[in-house]
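The sequence and structure come first.

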Amino acid sequence: MYKRIRKQFTGVPGAEAIPRGACSGLVHVPDFEPQRHIRLLTFNIQVGINTSSYHHYVTRSWQHLLPHRRRIENLDRIAALLRGYDVVALQECDGGSLRSGYINQVQYLAEAAGIPYWHQQLNRNLGPLAQHSNGLLSRYRPLDVTEHRLPALIPGRGAIIARYGAEEDPLVLVMMHLSLSKSAQQRQLGYIRELIADYQHVVLMGDMNNHAEELLEQTPLRETDLVPLPDTAHSFPSWRPERALDHILVSSSLEVRRSEVVSYPLSDHLPIAMDIALPKGYLEKY
């Protein structure tokens, strides 16, 4: 798909089938072999729109509805970053509609970055106008991947859960994009809390639209042992980061070797990266 689009992209195709949530096969995806560490990244890509100022929300707002030739260039720049990571959580992707040139952006980024497994979760289907989606990219074969609709007054928020390693003691990665409303976040994180309650090794990653202190002290996540990034890990807006809205939260059983806000001001959010070591004794289980 990636090579075909790069060669043939000359405009918006004609009337094509609008894809719904989809994923690649697992045939060519390597098993989750014993690794000392895993490189994680979460990135809200704003459907490939380059935003570097508040006024761009007005002057470039049409790109949320209509195709733009430079969107492919922006996706290629994002793909160049993704090549350095093992598991990637993507938010604000388009699954293939008019504005993206009928390109499934999750699939495109996976193929452009050389990452063998991808999964697109379609959360808000506006037909040919927009296919609001989350995405998972992985260099390892997961045990399983499940989609979850998050509770909200306005439907359209979701989470992807990927489990790796041993069935009896998996590493669980939860990728999400939470609502702006604090009351909705309470319901959504209560739902997530129930999903992860029985697991020891958990990673929550995504655009959570709130600061870590409030997430971990004033929502159902206070019942967990999740560890946040430093308070200085500001990711929004990308051109003048003042708020920490994007997070990778990990269980205390997982050692954080390195974490950072990646200076990659393409979207209106900056990516968050983390290198985690698997817990002692976990590698020998599979």
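## Terms and basis

Two strands are taken to pair if DSSP finds at least two bridges between them. Helices (H or I, at least four residues) and strands (E, at least two) are DSSP runs, numbered from the N terminus.

The model is predicted: local features need pLDDT of at least 70, side-chain atom pairs count only at pLDDT 80 or more, and totals for chains, interfaces and linings use all residues. Residues are numbered from 1 along each chain as its sequence is written, and side-chain values use heavy atoms, with hydrogens and water left out.

Strands β7 (residues 158-166) and β8 (residues 169-177) pair in the antiparallel sense over eight bridges. Within this pairing, A159 stands opposite M176 in β8.

Both strands belong to an open sheet of five strands with mixed pairing, in the order β6-β7-β8-β9-β10. Its edge strands, β6 (144-149) and β10 (246-250), each pair on one side only. On average, neighbouring strands of this sheet are turned by 15° against each other, direction ignored; axes are lines fitted to C-alpha atoms, for helices over the stretch in contact, and angles run from 0 to 180 degrees between N-to-C directions.

## The helix across the sheet

Helix α5 (residues 182-196) lies across β6, β7, β8 and β9 (201-207). Contact here means heavy atoms within 4.5 Å. The helix runs at about 165° to β8.

## Salt bridges

A salt bridge is a side-chain nitrogen of Lys or Arg within 4 Å of a carboxyl oxygen of Asp or Glu. By this rule the model has nine salt bridges. One of them joins the side chains of R39 and D86 (2.6 Å, N to O). This pair links distant parts of the chain, 47 residues apart: R39 is in strand β2 (residues 37-44), and D86 is in the loop between α3 (70-82) and β3 (87-94). R39 is partly exposed, with a relative accessible area of 30%, whereas D86 counts as buried at 4%. Buried means under 20% relative accessible area, exposed over 50%, and partly exposed in between (1.4 Å probe, protein chains only).

Another salt bridge is formed by the side chains of D144 and R163 (2.7 Å, N to O). D144 lies in strand β6 and R163 in strand β7, 19 residues apart. D144 is partly exposed, at 28% relative accessible area, while R163, at 10%, counts as buried. The side chain of R163 also meets that of E167 in a salt bridge (2.9 Å, N to O).
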